Amino acid sequence: MKAIRRFTVRPVLPESLHPLSDLARNLRWSWHSETRDLFQSVDPEHWAASGGDPVRLLGSVPPARLAELAEDRRFLRRLAAAAGDLADYMSGERWYQAHSSGADLPAAVAYFSPEFGITAALPQYSGGLGILAGDHLKAASDLGVPLIGVGLLYRHGYFRQTLSRDGWQQEHYPVLDPHELPLAPLREPDGTPARVSLGLPGGRRLQARIWLAQVGRVPLLMLDSDVEENDLGERGVTDRLYGGGSEHRLLQEMLLGIGGVRAVRTYCRLTGHPEPEVFHTNEGHAGFLGLERIAELCANGLDFDAALEAVRAGTVFTTHTPVPAGIDRFDRELVARHFGPGAELENIAVERVLQLGMETYPGGEPNLFNMAVMGLRLGQRANGVSLLHGHVSREMFSGLWPGFDPDEVPITSVTNGVHAPTWVAPEVFRLGARQIGAERTEDAMTVGGRERWDGIAEIPAPEIWDLRRVLREQLVLEVRERLYASWRQRGAGTAELGWIEGVLDPDVLTIGFARRVPSYKRLTLMLRDRDRLMELLLHPERPVQIVVAGKAHPADDGGKRLVQELVRFADDPRVRHRIVFLPDYGMAMAQKLYPGCDVWLNNPLRPLEACGTSGMKAALNGCLNLSVLDGWWDEWFQPDFGWAIPTADGAATDEDRRDELEAAALYDLLERRVAPRFYERGQGGLPDRWIEMVRQTLMNLGPKVLAGRMVREYVERLYTPAAHAHRAMTPNAAGQLAGWKARVRAAWPGVTVDHVEATAATSTAELGATLALRVRVGLGDLTPDDVEVQAVSGRVDADDRIADATATALKPAGGPDLEGRWLYEGPLSLDRTGPFGYTVRILPTHPLLASSAELGLLTVPSEELTEAPGVLLR
């Protein structure tokens, strides 16, 4: 008979073992090896059966074993040491506290994301966005940054993947019981569960409870709509990650953004945690958080425009999406139905809500509400996640700042990083600890800094090579175990699986490829010329072997076909010992896969990979990267420690031809450079040049790819300026700024550049010469305090477009004249040779603007005015 309800009956821990419960409930164990070792020693067999989850372990250990441990002095000493270490970690001074000068840094930062990949024991992630968010929280904890994470708790998480006999992806959604996860309900002082609620059309309410996951020092608040007060439909709002139709997704994102702010307020009220000064929106899904904060300020007496300015000042928006199709967009009518009278935020006019997200710019679809557009309009600071992605984002969103060159669009970049203590194999850590000491190794992996990584130069080559073989051997065993389980799930009998014992070889060059399976990541590019791939796999002297993993989105049949194509190739008896596909890619598999590979392969369509952090995790374990120059690899690639796959991205190359050319380049690199380097032996019998590349990878990439470096950049470049802007944006200042913006927008049609003249000391334009510029401008109802007049100069192309532009402010020299025009003057240095040009422009300026492009307003000379100066300087 099937049970109608399941729950875990937990043993009562003896008093001396109570610290085990605290250690299990703080997810620091997921990246702290000593704590994991302690839990493993509780009961190695149950630890393995629990999948390395302390909460499940403590729910399954026999009471007799607990009684035995309660009397074991050696175990109790280890337990006391682990508990003391956690207490020091939670309360001690860390980088942020040492870095803080008075009240300069934010009192707290709220970080919102639709998914968080903290540990396999809390499966609330689908791919890179969630893993990145989890690494952000862990690195913030290690650095002592006062972050509050905010997300949703999905009762089915993301799907589990298996394969049918013919290799078709199948999805399974196991039910997750929050009481069996490393979570605790947030409670009111009277013991009742803390709740937030949202208004729904027709006067209904969506209720959600708040669960708390403790990620080291960082609290992660997770909202769960599966509560009895909700109807069946509302209970299912947080059923699964990235599931359901448009309305389902809209409700999820309203709960994340609006409910998330309410959850933060509740948490701070109940715990005394400082209120956040900065709100960080990780991708557009949580964009509605800005609306809730506007509503809070309006309830305290501010009008909408002033509240908007106050909210923008303290908001950071990060986009991870290099293609418009990857952004959530909702029909205008759907959004309108969920806001206003009888629904949510009914004191804010629906039109004001819609204005924040509608694509009202050239090339946009005016009837669609775009979550990224709302994120940009509600955030005074925005960034992409690599240098190249910052450039792509400025191009993609340039319509929001008409008239500005893409390079001036106010979107910067902070290149992603990964949390080394999570992703570095224990064997790699131990090697570093032997060389420079455990404490210095831990600092190297959390805080970063080049000087801490230089000790790798002294590690003897045989030790590096022995480490690489040990990790490869561990991967081979892991692959065989997972492959056997997969084939059994596909219906194979034990008698037909003897061949799995010969799958992979710990002495063969091993390539890894694992990620989500959208088409642009090109899972099957390696299959473009199957005969050539077979030759590489079966080469008599220099064979390669490939481990592949990845999930296609449940609704993406195209992605599923790619998975099936790869699986069918890997099923071929001729090559199945050299290439494998492992289903159900997740954190637990990844932690074995990255260290065990020699080469990490990444071949997306450039520039569609925003960052691509899997190669970073591999690099931290001494794995070399073989990748298209996209995302982070475009930024940091050097031939000393990896290979770049050439791209055929010319406008005249169709997609099919591009795949053909880039696949051929991939085969050439593997055949002529990668494999020969791996198998080449020096006088001592070691692959000296390969080992040197491993060493260079660790020394040069190690400090760069750290999440600690990333979070430090966020603190210094985005969080701290946002906190300062938030403090400056008092209600009075916000009202004045909103009024100034309205006045400037209304007056801007009257702003003109009426006359430009340049005089030179000599008759020729020579390097080092200076032009004297005189510009007459009309300011209409504005004054010189409202604007800045600039000369913009630089090298020009054949169409007189200025590149590498330099802007120089001109100074008012007189006015207004009888016609109301103002005179501006200033020098213009001819500081470079070759075709040179300049123009003049007028921009709004105000002390509280984060960027001169913030309003999207500028005035340039008419075409008639530009002809003479253009000819003069050409």
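Let's start just after helix α11, where G301 takes a positive phi of about 110°. This is a predicted model, so please read each feature below as part of a prediction. Stepping back into the helix itself, α11 covers residues 289-299. Its buried residues include L289, G290, L291 and E292, and R293, I294 and A295 are buried as well.

From here, let's go to the start of the chain. A3 sits in the segment before α1, the helix made of residues 18-25. Is A3 buried or exposed? Its relative accessibility is 56%, and because the cut-off for exposed is over 50%, A3 counts as exposed.

Next comes a histidine. H389 belongs to helix α16, which runs over residues 387-396. With a relative accessible area of 2%, H389 is buried. What does H389 touch, once its neighbours within four places in sequence are left aside? Its contacts are T319, H320, T321 and P322, together with G384 and A610.

Now for the cysteines. A disulfide is a covalent bond between the sulfur atoms of two cysteines. How many disulfides does the model hold? The count comes to zero, taking a pair of sulfur atoms within 2.5 Å as the criterion. C611 is in no disulfide, and the nearest cysteine sulfur, that of C623, lies 16 Å away. C611 has 2% relative accessibility and therefore counts as buried. C623 is in no disulfide either; for C623 the nearest cysteine sulfur is that of C597, at 5.6 Å. At 0% relative accessibility, C623 also counts as buried.

Our last stop is a pair of helices. Helix α22 spans residues 530-537 and helix α27 spans residues 655-679; they pack at an angle of about 15°, with their axes 11 Å apart. Angles under 35 degrees count as roughly parallel, and α22 and α27 are therefore roughly parallel to each other. Their crossing is left-handed. Which residues make the contact? From α22 come R532, L533 and L536, while α27 supplies A664, Y667, D668, L670 and E671. Sorted by class, this contact has five nonpolar residues and three charged ones, with no polar residues.

Terms used
Residues numbered from 1 in each chain as written. Predicted model: local features only at pLDDT ≥ 70, side-chain atom pairs only at ≥ 80, totals over all residues. Heavy atoms only, no water. Axes fitted to C-alpha atoms, helices over the stretch in contact; angles between N-to-C directions. Helix = DSSP H or I, 4+ residues; strand = E, 2+ residues; numbered from the N terminus. Parallel < 35°, antiparallel > 145°, perpendicular 65-115°, else oblique. Left-handed = near helix turned anticlockwise from the far one by under 90°. Contact = heavy atoms within 4.5 Å. Nonpolar A, V, L, I, M, F, W, Y, C, P; charged D, E, K, R; others polar. Buried < 20%, exposed > 50% of the residue type's maximum accessible area, 1.4 Å probe, protein only.
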